[in-house]
Amino acid sequence: MTDLTRRGFLGAGLTVAAAAALAACAGSGGGSSNDGDPNNLTFWSNHPGKSTDVEKELIKRFEAANPGIKVQLIDAGKNYEEAAQKFNAALSGGALPDIIILSDVWWFNFALIGAIAPLDDLFGKAGVDPSGYVDSLVGDYKWNNKTWALPYARSTPLFYYNADVWSQAGLPARGPASWQEFAEWGPRIQSVVGSGKSAHGWGNAVDYLGWTFQGPTWTFGGAYSDDWTMTFTDPKTVAAAQYLSDTINKDRYAKISNDIAGDFSAGLLASTVASTGDLSGITSDAKFRFSTAFLPAPDGTIGCPTGGAGLAIPARNSDERKVNALKFIDFITNTDNTAYFSQNVGYMPVRKAAVTAPSMTAFLDKNPNFRTAIEQLPKTKPQNYARVFIPGGDKIIGTGFEKIGLQNADVAATMADTQKQIEQIYTTQIQPKLPK
C-alpha cells in the first residue's frame, strides 16, 4: 500500500477524455525546462479567491527581502482546471513555470507521472522547515513517503446561513447539528423565503458538489471509496445520495445552484455549503446578516473534508531554480504572509504560529465568521481517493449528483454508473502506475 495521507479541496475535474489526454501526454517529454537565469522566476496562479492584488503584494515583499531574485506572476487561467491544463500543455512542449498552483484533484496525477519534484531533498538547501506548517495541511501532499507540494490557498467547506431568515423561521442561532435536523428545518425555512427562493442551495458539478457533498456522505456512514476500493454502491452512500434527492425532488426546499456564493449573497438561497475561500466575497456582497457554522455532523462523526490548493515545483527545472522557487513558496506562506493572505482572501492560515499571531487574533475577534474554518479544522479528515486521485473523478461524481438533483434520476442506478466510470479510470490509468 502506498503512503497516501491527508489531502485537500477546490477544483473542477476533467472530463474522462481530457483526463485520458492528460495521462497520455504529461511527462512525455518535449517540454523545455527552465535553464536560464535562476534568479528570474515565474509563478503560475489562477489567483484563488480573486487574490491577484494580494499575490502581487506577496511578490513585492519577497523581492524586497531577496533583492537578487525577481518573480513574474503569470495568469494560469480562471480556475484550477485551466491552470492544470496549461501546465500539462507546457509539459508537452513549452516553457515551464518555476512555481505552479495545483488543487487537491491535480497534484497527485502530476506526482504520479513525475512532472513535479519531491521537495524533501530541497528543504535543507532552501533553508525550509516544513514542521512549521499545520501538520494536516502539509500532510495532504504526502505520497510514497515524499512531500510533493506545500499548502497555500487552503480551505474547508462551511455551512453559510442567513441569520435574518433563521430568526424569522424561529430557528436557533446556529447551524444544524445534523443533516437529519436540517431536513426538519428545511420546510420551515422554505415557508419564510417563499417562491422563487430556496431554503438551501447545493453546488453543481462545476461548483464542487462532489467536494461539498463528501462530508454529508460521511455522516450517513457512507464514502466514495475506501482507499482504492470504490464504495458508491454501498447502501449508506446510496442513502446519502437519496437524502440529496429528497431535499430537491421530494421535500422541495433545496435546489442545484449554478452560483452558490452569488445566489446566497443575493438572498436567493437561505443557506448553502461553500468554500472558506468564498467568505470574503460573500462578506462584501451580502446585504443581510449571515453566519457560518461547521458542516452538520453528529457528535463523534467527521462531516467535513479539507480542500484548496498547494504550490509545487516542476521536476525538469534545474536544481538552482528549484531551490529559489522553494524559497519563494516558503516566504509567501510564512507566518506573517499566510496571515495576510488569509485576512484578505479568506483561506485558512497554513502555519501553526499564524493562528495565534497578534494580527490574526485581532482579525478573528472582529470577524468571527472567519474563525469557523480554523475551529473546524480538527474535525476534518482526508478526502476519499475516488475524488482527489482519479483523473476526472470530481467531475464524474458531481455530474452524478447533478443528475439526481436536476433530473430526479434513479439514485441507486446513478451511483452504480458513477462507480463503474471511476473504476474504469482507476484500472486503466492509475493502477498500472502505482508503485508495486
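**Salt bridges, a buried arginine and the domain contact**

At 28% relative accessibility, Arg 61 counts as partly exposed. Its salt-bridge partner is Glu 57, with the closest N and O atoms 3.0 Å apart. Glu 57 is likewise partly exposed, because its relative accessibility is 26%. Both residues belong to helix H2 and stand four residues apart, about one turn of the helix.

The model is predicted. Mean pLDDT for the chain is 90, and 92% of the residues reach 70 or more. Residues 1-32 have pLDDT below 50. Beyond near neighbours in sequence, that stretch still has 130 contacts in the model.

The structure holds eleven salt bridges. One of them joins Lys 322 to Asp 319, with the closest N and O atoms 3.9 Å apart. The two residues lie three apart in helix H14 (residues 319-332), so about one helical turn separates them. Lys 322 is buried at 10% relative accessibility. Asp 319, at 47%, counts as partly exposed. Elsewhere, salt bridges with shared partners join Asp 104, Arg 387 and Asp 394 into one network.

A further salt bridge pairs Asp 140 with Arg 154, at 2.5 Å from N to O. This pair links distant parts of the chain, 14 residues apart. Asp 140 sits in the loop between helix H6 (135-139) and E4. Arg 154 lies in strand E6, which spans residues 150-155. Asp 140 has a relative accessible area of 0% and is therefore buried. Arg 154 is also buried, because its relative accessible area is 0%.

The domain assignment divides the chain into domain 1 (38-153 + 305-377) and domain 2 (155-304 + 382-431). Their C-alpha centres are 27 Å apart. Domain 1 gives 23 residues to the contact, and domain 2 gives 29. The size of an interface is often given as the accessible area lost when the parts come together. Here the two domains bury about 2200 Å² between them. Carbon and sulfur atoms account for 59% of that area. On the side of domain 1, Pro 305, Asn 369 and Gln 376 lose the most area to domain 2. Together these three make up 34% of what that side buries.

Polar pairing between the domains was also counted. Twelve residue pairs are in polar contact between domain 1 and domain 2, with both residues at pLDDT 80 or more. H17 gives the most, with six residues. The count of salt bridges between the two domains is one. Asp 104 and Arg 387 meet through their side chains in a salt bridge of 2.8 Å, N to O.

Backbone geometry picks out two loop residues. His 47 has a positive phi, near 55°, although this residue is not glycine. The residue lies in the loop between strand E1 (40-45) and helix H2 (52-65). His 47 counts as buried, because its relative accessibility is 11%. Asn 145 also has a positive phi, near 65°, in a residue other than glycine. Its loop runs between strand E4 (142-143) and strand E5 (146-147). At 64% relative accessibility, Asn 145 counts as exposed.

Technical notes. Residues numbered from 1 in each chain as written. Heavy atoms only, no water. pLDDT = per-residue confidence, 0-100. Contact = heavy atoms within 4.5 Å. Domains from an automatic or database assignment. Buried area = accessible area lost by both parts, 1.4 Å probe. Salt bridge = Lys/Arg side-chain N within 4 Å of Asp/Glu carboxyl O. Polar contact = N/O pair within 3.5 Å; in protein donor to acceptor, adjacent residues only side chain to side chain. Buried < 20%, exposed > 50% of the residue type's maximum accessible area, 1.4 Å probe, protein only.
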